[in-house]
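Q: Hey, could you walk me through this fold? I'd like to begin with the strands and then get to the helices.

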Amino acid sequence: MERARWSDSCPFGTASNVRRFRDVPIEFYFTPELHLKDGRIIRDLEDAASFAREQEVRPGVDQRDEVLHKMERAENQEAAHAAAHLFVRWMEELDILD
């Protein structure tokens with residue numbers, strides 16, 4: 001008797017499809033939107049993560065990597081909310097909120 005393979009028993013198809021399904025970011029919108037001193041507007045976690053990726057890495061100076069990882073790894077609304085809160089605190093530390 002042949003054993004079932006992962007792709008035969010998984011309701012989402014192949015293992016790679018499951019990974020893609022899990023990689024869908026959780027939606028979180030900042031209300032009100034965050035206005036930065038440079039005129040940029042951060043509306044959601046995707047905008048926030050994009051902003052964080054553009055920032056120069058300064059190990060030991062700020063929390064950029066921790067903030068970015070929390071946003072990228074948020075798997076539910078609670079984690080997204082916590083990541084958004086951490087992002088706002090980081091923006092306040094950098095003094096770039098308008």
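A: Happy to! This is a predicted model. Strand 1 (residues 29–35) pairs with strand 2 (residues 41–44) in the antiparallel sense, over 3 bridges.

Q: Nice. Which residue of strand 2 is the bridge partner of Tyr29?
A: That would be Asp44.

Q: And how many residues sit between the strands of that hairpin?
A: There are 5 residues between the strands, and in this hairpin Gly39 takes a positive phi near 95°.

Q: OK, helices now. At what angle do the axes of helix 3 and helix 4 cross?
A: Roughly 150°, with the axes of helix 3 (residues 45–54) and helix 4 (residues 64–72) coming within 10 Å. The crossing is left-handed.

Q: Which residues make that contact?
A: From helix 3, Leu45, Ala48, Ala49, Ala52 and Arg53 take part, and from helix 4, Arg64, Leu68, Met71 and Glu72.

Q: Staying with helix 4, which of its residues are buried?
A: Arg64, Val67, Leu68 and Met71 are the buried ones in helix 4.

Q: Why are they on the same side of helix 4?
A: Because they cover an arc of only 95° around the axis.

Q: Got it. What covers those buried residues of helix 4?
A: The cover includes helix 3 and also helix 5 (77–94).

Conventions: Residues numbered from 1 in each chain as written. Predicted model: local features only at pLDDT ≥ 70, side-chain atom pairs only at ≥ 80, totals over all residues. Heavy atoms only, no water. Axes fitted to C-alpha atoms, helices over the stretch in contact; angles between N-to-C directions. Helix = DSSP H or I, 4+ residues; strand = E, 2+ residues; numbered from the N terminus. Left-handed = near helix turned anticlockwise from the far one by under 90°. Contact = heavy atoms within 4.5 Å. Buried < 20%, exposed > 50% of the residue type's maximum accessible area, 1.4 Å probe, protein only. Arc of directions from axis to C-beta. Pairing = 2+ DSSP bridges.
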